Amino acid sequence: MSGDKGARLDTFPRLLAANARRIGNKPASREKDYGIWQTWTWSQVYREVRALACGLAALGFRRGDRLAIIGDNRPHLYWAMPAAQALGGVPVPVYQDSVAEEMQFVLAHAECRFAVAENQEQVDKLLEIKDRLPALETIIYHFPRGMRHYNQSFLHLYADVQEKGRAHDAANPGFYEGEVDKAAGPDLCVMLYTSGTTGRPKGVMLSFDNIIQTARNAAEWEGLTEDDEMLAYLPMAWVGDYSFSMGQAYVTGFCVSCPESTETVLQDLREIGPTYFFAPPRIYENILTTVMIRIEDAARWKQRMFHYFMRLANRVGRDILDGKTVGAWDRALYALGELLIYGPLKNVLGLTRMRLGYCAGEAIGPDIFEFFRSLGLNLKQFYGSTEASVFISIQPNGDIRSDSVGVPAPGVEIKVADSGEVLFKSPGVFQAYYKNDDATRETKTADNWVHTGDAGFLDADGHLKIIDRAKDVGRLNNGTLLAPKYLENKLKFFPYVKEAVAFGDQRDYVAALINIDLEAVGNWAERKGLAYTGYTDLAGRPEVAALVKDCVDKANQDLAEDPNLSGSQIKRFLILHKELDADDGELTRTRKVRRPVVSERYADLIAALYSDRDHCEVQATVTFEDGRTDTIRADLKIHEARRVASPAPAQAAE
Amino acid sequence: MSGVATERATQMPEGATQSQTGRKIGDVIMKVDGVSLSFGGVRALDNVSFDVREHEILAIIGPNGAGKSSMLNCINGFYHPQEGSIYYKGKRRDTAKTYEAAEEGIARTFQNIALFKGMSTLDNIMTGRSLKMKKNFLWQALYFGPALKEELEHRAKAEAVIDFLEIEAIRKTPVGRLPYGLQKRVELGRALAAEPDVLLLDEPMAGMNHEEKEDMVRYILDVNDEFGTTIVLIEHDMSVVMDISDRVVVLDYGKKLAEGTPDEVKRNQAVIDAYLGVSHE
Amino acid sequence: MFYREAGQFKTTYRDDQAVFPILQDRIAVLAIVVLAYLVPLVANEYWLQAVLIQFLVFALMAIGLNLLMGYAGQVSLGTGAFAAVGAYACYKLTTNIEGMNVIVAILLSGGFAAAVGILFGLPSLRIKGFYLAVATLAAQFFILWLFNKVGWFYNDNPSGTITAPPRDFLGVQISGPRATPEARYWTCLTFLVVFAWFAKNLVRGRIGRAWMAIRDMDIAAEIIGIRPLETKLLAFAISSFYCGVAGALMVFCWLGSAETEAFDLFTVSFRVLFMIIIGGLGSIGGSILGAAFIVLVPIFLTNFPPMVGIEISTALQKHLEEIIFGVMIVLFLIVEPEGFARLWQILREKLRKWPFPY
Amino acid sequence: MDFLTSVFVTPFVEIWQSPFFFLELVLVGLSTGVLYSLVALGFVLIFKASGMFNFAQGAMVLFAALTLVGLMENGLPLWAALIVTMGVMVALAFVVERLMLRHLVNQEGLILFMATIGLNFILEGTGQLMWGSDVKRLEVGIPDKPFNLGPILLNTFDVTAALIGALLVIALAVFFQKTAMGRALRAVADDHQAALSVGIPLKTIWIAVWTIAGIVALVAGIVWGAKSGVQFSLSLIALKALPVLILGGFTSVPGAIIGGLIIGVGEKVAEGFWGPAFGGAIENWFAYMLALAFLVFRPQGLFGEKIIERV
């Protein structure tokens, strides 16, 4: 944006105006609607936003007012944000799938006077809770479908508001510019409510500088330009979406496309073929699974070809991507593979043009991660949080390590507290939690260091590894750092391991309960010609035990390579006689292990693990689908895993 | 946004009563007067008379073979009644040619789906707009200039219909491959594409499962509501008829048995008798 | 496999309704056309004269018939007659009107054919299917008889044949004995390309939809407001126009001179019928493939036995040809009633989904 | 002007002046008409039973005739040759069913029609391949001498031909009315599903009709062959039969017969009295024009019943 270096591009309305001047004819927003990708250029978007802003003003929107935004990803909803900001207001995007009550909390807490809703469905939710929202005065809806009989005076059609706005704009020339000029970088930009997994949602207040600088740093670091394309399909209330689809889009001027509907995302992805793509791990997982399933149905020779080239890619793909030296022959083969398999595959998945792919939210399985990278797709993980305006650390090009979340993002400082918790400091550090100073004080130190609540460490060459939630991290009696979740993930990344629960806090060594993956191990057993009656039987087999032991040993191997974790290698483990089950309350409905439940229900097993006995009888009650319960008895062998001598003393890192 | 909606939503004449969808019911738009029709010896319709009022939903019910479909066929000029007359917008139409019905704003769907199997959903709906497209074949051969402009304008309208009926996903699928329920919806779309004033629906819900029926009912009501389209429908499912129709005409063996609001008809003795024997789907 | 559709999204209806929405298809088609124009640089006279020009002429005719039968669903066995009308009209125009541009003449004769087409299309309002087919046979016999009987049509020359006079276009002779095969080839090719494109446009527009509507469900079509007579007659007219133009080219650019036999039921009408059935009803591309197939098979049958050193009498060969031909027709109808077009479609889908089966 | 007179005036005058010539033409017309009817019957049978417009009927005539002649040339006595040929036609029916029809079940009419055109080529090809394509005399001992019936000059051959045709027609009528198979076939014609549901396998039906069509073709072949020699042009009489079908309707046996007679007579009379006006040889299109004109006024044919379309 060299041309505008002079102007202060420190707020979104200003960026918008600048883009409209600089790249006015380049596409800014797309939406699949009426069968084609309706497209708005930057200058069109500018006019739309301006009209809406003036319209809001005409409806009495004042500086400092909060504007709730409720709906799926739609250009018109995105435009409402700069529109509000232009008037010195603050957009408050709300999770569109949240039920009326959750919505009520946010709107009440943020004291929104205005709301923009996508359609009848969202409007109905608002009307349901309106009387409990004294602050809420005006509701603007985008889609007129089904709204003919809503005659409440405070309901306005988006298009009408813009109409009013144009009139108002014509009547008060310079009004818009004036309003825009009143705002500056440090001002409040947006309030994002962290989805309330624990307790009440907190309203994170972010300034223009927070968002814009973070976005700009990352964008420049990754070399994003106005020619990039991105598909916005994740909730608008999520900080990531805000900083990609608003922050980076406005900073670099790239085009953001909105899918036709949540059902058609994959199809739309395929049509748009974004160059810049974000998805949480589960989406990559789904893609990979569907690929594998579909290829299973292909003709024999095709399958053979596919797997041959996949093995090749697995061997050399990543090195080629990272620009390492690869034999000419392999390169030739890989090129052939690109023509026959990788290219078509990427095409079918809609990733042909992908230059940069992000993955974050939780740890992604190495095999999945590697699969995409070996296809030549530059998929990277980053680590971030709402309080940081997203980016804290990003995997640098050419130096990807599947078990780390990369190096500190530009402008970010990271330090690890003695407790093992990761702290950061960056231009993106949030202002405060809205109306919740205690929380703010807890999270943000006086000198602007922010507690992430995650435990991790920086390895020798400055790569950040996140190992667990800080509160779950414990220590062995010898003081070694222990991150159960990290170990469990390591184990779960093996296809044969379904669940794993690791113990060791205030004990002498680490031990684990393991669930085998009935399907994976079942297949393996069939290939081995091993007959079995069911889970319990299979889990009891010595062959299976050996199989699992391999996994554990491998896991230990990895751990050993890391001085900080080498101490927490698994010493003893046993394979559970039943699958951990949500119906038995051992897992949450989202299949997360309920540690306390497990440790009290299997107390005697755990005791056995920490005794010198090599087996242990159990009887447990299982609940079947039909609700019948039954008790099963089993004698579980306890296995010793092989531990590897660590290269350096355990406490090296601290 | 949706072109059709904005275009027609405003036409709402003053009238007395309110329809099911809260829409004002206008004055008589069609007058069926003593219509009789027979094939060879069979008397399909015997001196049937009733009115259709603007913006209303009128249901024609009756046992199988009561002459319901024949009635619709007379209205849109596919059959020509031997006796009686049908006036539409003050103009006599029972003698008119079949294709003129469409030109006069009468569209319909069929009892057993009559889609153009070889064409995609989109093309079927576009075909519904043929009437409104005028450019000659020379322009069309060039697919350029006026012809192209026209084609694109109408594509936009067709898309509005597709959006209205929520059939985006099957836009380009050949209708032959669609499940029954969807085909019915596409057929409705084809009829809507003509932006009709009167919509004749011949058993729009026949052979549908419960939720398909619910959807269809919703669409029918929406059509009547959003576009003010007058709707004459034949339906077997009594609960549906009673729910959505403003007035009901009962036929039996080609004769009109009763006419009135759902409740009146429900209480009518003749109707009850006629229906006792008959089994319903 | 070669398709890279990701990122080929459409932002306007214009793009979405393009003839070939997918880039790779556009490239392929363009390449084929270009190659077609380069063929004369490599092909020898025999191939141009006996095979390729013949193919182009029949391809044009096939497209014409396909518009009528494949799209509008009106069966016609009168193709030969309409072609004959074109040919004789063109002959009369060029020989009787001084300095009449031959291209114009060809187009005009197409117009005459169209008129005759409308005339014999009239019954289609009342009759359908095979009845109509037979009605068009009437056209076939009557018209050929007429051209045979009435000397005026062939300028009363004793041989009873019409002979293409030497005419040139833009200084290049494209008809008559001294016109080079290349020139004729390029003329026919240009006609084919242009008219194939027109046909494609027609069938994806209002008219094409009206035709298909009549074909698929004429009652529903009429109730929607499509006027059956106009629609069907238009189909007859345009179809006959194509046949007429092809007929004119047949005499002027291919045969050089011809009698009515050249247009009879078996040598033209049925052959073209086969072309579109085998190529695929309701497919422009299919018509062209079908024409290629039907034209090449006999060529192959005549040339193959000698190639492998089998000498057979022409009579025997003729019968063999008939049999093999018949067998192939039947086989094709059994194996793939929807013709080459369908096969191509399947292959294309496979390539698009590659490496997945679906 | 004088052309118009020669069309609309002169012929009628002539008819008035020479009634016997007219009558003679009528009779000759009738005798050819019977033969048209025969071929048309072949069409109707198959169309009724399988909804198939069997274009190969003409080729079957040629094929049958060629086979017969061929056998006789190779020294078989007439009766033997006849039997063998019949056998061949039956075999043909089986082959067609096995190799063609059964694979085309519930294809649309047009496809079936195309298939029969293919079959047409195959039969012509094989026939001429086996027995050569040069014209052959077929001597079946039908006397061929002119005789006078009053003032009208007739020919024993025509009369015999007519008789044979008539006999066959009667035979068929009986078959359809009296025999079980006959009734079955009629049933199929009226309603496929129904017929199948009463348990007549489609296979049998098809073989049956094709056999009958084959026999009919054989008879037609003999008569035509004996009259004008056996040659390729025989297969063209199929084309002659088409207008007959239009006149009579594709599904009506009596229609085929009446239609045949009308065409036969009309043709001869037209050639005799109107031919001169058009410079002769109007036979090969007159029938079609007649049929076409007829169609426009009665689309369903002479005996076809009016179709009420329902929606």
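I count two residues as in contact if their C-beta atoms, placed from the backbone, lie within 7 Å. Helices (H or I, at least four residues) and strands (E, at least two) are DSSP runs, numbered from the N terminus.

This is a predicted model, in which local features need pLDDT of at least 70 and side-chain atom pairs count only at pLDDT 80 or more, while totals for chains, interfaces and linings use all residues. Residues are numbered from 1 along each chain as its sequence is written, and chains are lettered from A and ligands numbered from 1 in the order in which they are written.

**Entry: two helices of chain C**

I began with helix α7 (residues 181-204) and helix α9 (residues 228-255) of chain C, whose axes come within 11 Å and cross at roughly 170°; such axes are lines fitted to C-alpha atoms, for helices over the stretch in contact, and angles run from 0 to 180 degrees between N-to-C directions. The two helices α7(C) and α9(C) are therefore roughly antiparallel, the word used for angles over 145 degrees, whereas those under 35 count as roughly parallel. From α7(C), the residues C:Arg184, C:Thr187, C:Cys188, C:Phe191 and C:Phe195 meet C:Tyr242, C:Val245, C:Leu249 and C:Cys253 of α9(C). I sorted this contact by class and found 7 nonpolar residues, 1 polar and 1 charged, where Ala, Val, Leu, Ile, Met, Phe, Trp, Tyr, Cys and Pro count as nonpolar, Asp, Glu, Lys and Arg as charged, and the others, Gly among them, as polar.

**Entry: two helices of chain D**

I then turned to helix α4 (residues 57-73) and helix α6 (residues 109-131) of chain D, whose axes come within 9 Å and cross at roughly 15°, which makes α4(D) roughly parallel to α6(D). Their crossing is left-handed, meaning that the near helix is turned anticlockwise from the far one by less than a right angle. On the α4(D) side I noted, among others, D:Ala59, D:Leu62, D:Phe63 and D:Leu66, and on the α6(D) side residues including D:Asn120, D:Leu123, D:Met130 and D:Trp131. The contact of α4(D) with α6(D) holds 9 nonpolar, 3 polar and 1 charged residues.

**Entry: which chains touch**

Which chains share the most contacts? Of the 5 pairs of chains in contact, the answer is C and D, with 39 residues taken from chain D and 31 residues from chain C. On the side of chain D that touches chain C, the elements giving two or more residues are α6, α11 (237-248) and α13 (283-297), and α6(D) gives the most, with 15 residues. That side of chain D divides into 27 nonpolar, 10 polar and 2 charged residues. Chains A and D, by contrast, do not touch, and their nearest C-alpha atoms are 27 Å apart.

**Entry: buried parts of chain A**

Here I call a residue buried if 20 or more other C-beta atoms lie within 10 Å of its own, exposed if 12 or fewer, and partly exposed in between. Helix α1 (residues 12-22) of chain A has 9 of its 11 residues buried, so it is largely enclosed by the rest of the structure. Among the buried ones are A:Phe12, A:Pro13, A:Leu15 and A:Asn19, and the buried residues of α1(A) pack against α2 (42-58), α3 (75-86), α7 (175-182), α8 (208-222) and α9 (239-252) of chain A.

Is A:Asn210 buried or exposed? A:Asn210, placed in helix α8 of chain A, counts as buried because it has 28 C-beta neighbours inside 10 Å. Leaving aside neighbours within four places in sequence, I found A:Asn210 in contact with A:Cys189, A:Ser389, A:Pro427, A:Gly428, A:Val429 and A:Phe430.

**Entry: strands of chain A**

Strand β8 (residues 188-193) of chain A is mostly covered, with 6 of its 6 residues buried. β8(A) pairs in the antiparallel sense with strand β9 (residues 203-207) of chain A over 5 bridges, two strands being paired if DSSP finds at least two bridges between them. In this pair A:Leu188 stands opposite A:Ser207.

I also followed an open sheet of 4 strands in chain A, with antiparallel pairing and the order β17-β18-β20-β21. At its edges stand β17 (413-416) and β21 (464-469), each with a single partner strand, so one side of each is left without a neighbour in the sheet. β17(A) is joined to strand β18 (residues 421-425) by 4 bridges, and A:Lys415 stands opposite A:Leu423 in β18(A).

Technical notes: Parallel < 35°, antiparallel > 145°, perpendicular 65-115°, else oblique.
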